[in-house]
Each structure stands twice: as structure tokens, then as C-alpha cells.
Amino acid sequence: MQYSAVRRIAQTGERFSTLTSVRSPKAQEAAILARQATASWNWVNSLRAREAIAGYFFILPTLLSFLVFFLIPTISGLGMSLFDWDFFSDPDYVGLDNFIELSQDKLFLTTLKNTALFALFATAGNVGLGMFIAIGINSIKWSWLRAYLRTAYFIPFVISTVVVALMFGFLLQESTGVVNYYLSRLGIQRIPWLSSSTWAFRSIVLIDVWKHIGFFTLIFLAGLQAIPSELYEAALVDGAGRRVRLTRITIPLLTPSLFFSLIIALIGAFQVFESMYVLTNGGPGDATRTVVMYLYREAFGSFNMGYAASMAVVLFFIILALTITQVRLGDRWVFYR
Amino acid sequence: MMTSVVLWYSDTELQDKLRHRWRAWLANAVLALPLVLGSLIMFLPLVWAVSFSFGQPHEFFTLPPPVIPSAFRLDNYHGVFERVDFLRFFLNSVFVTGCVTIAQLITCSMGGYAFARLRFPGRRIIFILFLASMMVPQHVTLIPVFIIIRGMGLYNNLGALIVPYATSVFGTFLLKQFFETIPNELEDAAKIDGAGFLQIYWRVMLPLAGPPLATLAILTFNSSWNNFFWPLIFINSAEKMTLPLGMIYLRGQDGVTNSGVLMAAIVLNLIPVLIFFLIFQRRLVEGVTLSGLKGA
């Protein structure tokens, strides 16, 4: 509407000014107005529109990928959980039957329990130990040692989980493993690292901590460096000792890093798959089988696509609920400067 | 000599200073000791892997297992190349990781530029949706994506490992945050000179974005190189495997499970990763802390 009106005024004004000689002041005025109108319209037309077009052009790859590999799959994944589908014949709508079946599926409940316990211990180990290692590294005065320690703890993070798992599978063998040999030299009995169900679970947690602790240490180190040194100087002037400085300054000011680490660690731990898949294949029995392992087997082993999709949905809501709870609780204990 | 010692001791101020220094040194050492011991636990498995990769089969069943093998024989390494086409796995990994990294650098910087610098209807809503997608575990999308990839004819094709990873929300977010810090004057100057948006992106924005692009490249490289779940689902022939999946394939060969051959393959895996780590350590550390701080 506006566009054509402005255009028309502009055109008539221009024509008017060119037709009549430039002598008449009214015509001159009209011509100037018209030119201004054209100019401002052209500006709006060119810049705004071109900017918008450019904007869509620049986000096009990301947007396309988002639609094809996230939005459409997420919606159809949620929908698929309501169907019984073996991939080859037509899917049957079954409502919430998959979820009812899940709630009675002993194996699913076992994998859920394993996953939750793994998440609990791995998160505690990674985040808790990571925080204390970071505090320790940060309070060392020799910078070369700080640099060495940071590097040493971080190295396993760049190695792929598959390689890590294969390596530990070799080192942790019960009778011929090198770890057990040196433990026996220390007078500790051989540990069935991967062959007893309790120890297999513990080993998986330990390996996970070995691999990821450096990542969390780095995050805490960054948090520590962000604490202004004036606070410590002021505390020293007030005569605060090491412990007071730790509990009253360091730890409160590290809570944002702690909060972030807890969220990241839990989200990751609930999706754990690789180390179990490689190292124990869920065994002995089902002692180290996780939800994603069961999901993988149902989807690509038994082709129970609908059932597997419903597991993913349960996993999603668990992660979502945990994250929301953490964010809610975070308001109470996270200290933002 | 004697006199100097006496003199030295008589200076109480210096003595106090020295004592103080000694105590600080001791405190430092006491603090460092458990951390240094812990760091040895980080290295020890890697050292063992290397030493066993040179070992002979019979050595694995002798106790004590030799930490330094009796001879640096390369039999295990030959064993790897006899059993599988390890070079092919490596080249596949290089190809996939290279494509994914380059693609992400382009798409994420484009997206980041648009979200930070251009106004277009729906910008905020689209960006919020992007961010929300980071919360959803990939297993929800797994089966539909599997069907889509098959529909594209990419099953058992390296493309299946590249196309879904050609862009990332995290990278777009990272670059957006960076582009927002660039002063408007630079862009305005380019506009006055008659530069279009493509030119501003290419000539003004990208040359400034070196550090965040390097961070993104390294993080992407690392996660793509180590990706296992995706190849496990989409690749089923040995000549299309990348290194992590190839390792599992190798383990399935005769007499490889828990042997020196497997250790040799592990060492072959570690070498490029550790070289990569040593070269890019600083950027990698920066990248991790940056992504950590952004979230915090």
C-alpha cells in the first residue's frame, strides 16, 4: 500500500517538475519533496529488504540443517514413540502402549538404574575431583608445575573413548593385566576389574573419570582465574587463614563453574554408551548396560523402532527434568557477583 | 668460610626470610605431591600401551610383565597392517574430519554473522530455537535421522558422517558472540565504500575472526575425529570405516583381542592425536575454557 502510494507521489512530482519549467517555486518545492520521498523509499527498499534477504541467505545452511537433522527428526521421533514399527512393514498406532511396556520392562528399569548410578558417581568424581585438582593446581606457586599439571590432566580428553576403552580393557585383565600385577606387588589381591558385575561398573566409572577429569579441571581453573585477587588481599589484611579463604572466597566464587559443570556432566553421563559398548558390552549380565545401549540394540538389532524411540523420549524427559531442577535449585546456592 | 657462615647466621632478618622461604617451598611441595602422583596415573596407561605395543606375545603371560619390552620389535605393527587396511581408516578419518571442520567454519561464521549483525524478521525466535536444540539428546533424533540419511542414499557412505555435522549450533553461537564485539564503525566504513553484505562478511568480518575460528576448528576436529556412534550406525563395510570404528573391526579379527597388535593400533591412534594436542594445546585449552565460561 504505502509503497505504491509513495512511488506514485514521487513519480508524479518528478514528472511535474520536469514538465513545468523550474521557474515556479511551488513546482520546485514539490520536486524536492518528491526526490526526498523517492530517496527515502529507495533506502528503505534497498537496505532493509536487502539486509533481510542477506540475513536469510547467511543462516540458510544452518537453518536447513536444523530443520532436516533436528526439528523434523525430533518431532517425528516424539511421534514414533506412539507407534509399533519394525522398520519394514507399516507402523501401527499404539498410543502410550510403548511407555506402559517400558514401565514394566525389567531390563529397561535395570538400564535406567545403571545409567542413573553411573551419572551419579561419574559426575561426583569428575566434578568433585576436578574442582579440588583445579584448586590445588591454582594454589601452586611454580608456574612451570602448574602448566605441566594442567597438560597432564587434560591429555586423556583428546583421546577417543574407543581407544581409551580398548587400552584399559588390556591393562585391566584379571590374571595377566599389568594393573593387577603391580597391585599384587603392593599386597592387594587381584581385582576382577571387568569380570565381576560390581567391579565392572566401578571400572567404567573410573575410566570415565580418567578421561574427563581434565576437562572439568580446566573449567574450574578458568573460574578460579576470574576471581579478583583483591578479595584475597583484603582477606589477608583481615587475617583470614587458608581455610577461611577457601571456604569464604574460593568456593563461593566457584559456584557458577560448579553449576555449569554439574549440568554438562549430568547431560553427558545420561547418554553414556561408548565405553560400555566397547569394554563390557553391557555385561557381566546386564551390570553395565545403559539406556542408550538398550536403545541401540532395540533399534538396530531387533528393529523395534517405536519401542526404541519411546526410550529416547523417556531419556529426554529425564534429562530435561534434571536440568530444570538444577536451574531452579541453582538460584539458591549459586553465587553470582 | 667459617666467618661467613657465622655472619650469615647472625643476620636474623635474613634468617627469618630464608626460613619463611623454605616453609613456603615446603608448603608448595606438599601441595604438589599428590597432584604430581595423580598426573602419573594419567600418563601410566599410555606408557604401558606403548611398551606393550613393542612386546612379544609370550611376554604378556610372563609375570612381571616387562615395562620395557625385551626388544623393540615391530611385529605388532606389521600385524596391524596385515589384518586391516589401517591407512584407509586413517585417510577416511582425515577426509571426514577435514570436510566437517571446513564446512563448520563456513556455515557457523555465516550464521554467526547474520545473527550478530543483520536484522531480519524472526531472527530472535530462530536463534532461541537453535539454542534450545542443544538441550535435546541426539538419541531422540536418531531413528528419524537414520531414515533421512538412508533416503538421501548416504547409508554406508562417508557423506553420512559429514552432512549432518556440516554445521553446529554451538559454533554458530560462538561466532555470534564474537561478531557482536566488533565495533560498528568498521562495518559502516565498509558500507560507505559501497561494500555489500557478502563483502562485509568476507572482507571485514572473517579476517577479524581468526581466534574464534581457530577455537571452533580445533574443537570440531577433536569431536569429529573421535566420533564413534555415528559411524557405528551408518557404516558397515571396512573400506568406509573411520579410525574409532576401525579399531573395533580390528579387535574382531583373529587373535587380536587384548594382544600386542591391538596395543600397536592404539599407539598408531595416539600418535596423531598427541601431535595435534601438542601443537594446538593452547587453543584447545582456550576453547574449552571459553565454552565453559560462556555457559557459566
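Let me begin with a term: two residues are in contact if their C-beta atoms, placed from the backbone, lie within 7 Å. What we have here is a predicted model, in which local features need pLDDT of at least 70 and side-chain atom pairs count only at pLDDT 80 or more, while totals for chains, interfaces and linings use all residues. Residues are numbered from 1 along each chain as its sequence is written, and chains are lettered from A and ligands numbered from 1 in the order in which they are written.

With that in hand, 78 residues of chain A are in contact with 71 residues of chain B. On chain A's side, the largest share, 21 residues, comes from helix α2 (residues 25–80) of chain A, where helices are DSSP runs of H or I, at least four residues, and strands are runs of E, at least two, numbered from the N terminus. Sorted by class, that side has 57 nonpolar, 18 polar and 3 charged residues; here Ala, Val, Leu, Ile, Met, Phe, Trp, Tyr, Cys and Pro count as nonpolar, Asp, Glu, Lys and Arg as charged, and the others, Gly among them, as polar.

Turning to chain A itself, there are 13 helices and 2 strands. Of the contacts in chain A between residues at least 6 apart in sequence, 68% join residues at least 24 apart.

My last point concerns one pair of helices in chain A. Which residues of α3(A) and α13(A) make their contact? From α3(A) come Asn98(A), Phe99(A) and Leu102(A), and from α13(A) come Gly306(A), Tyr307(A), Ser310(A), Met311(A) and Val314(A). By class, this contact has 5 nonpolar, 3 polar and no charged residues.
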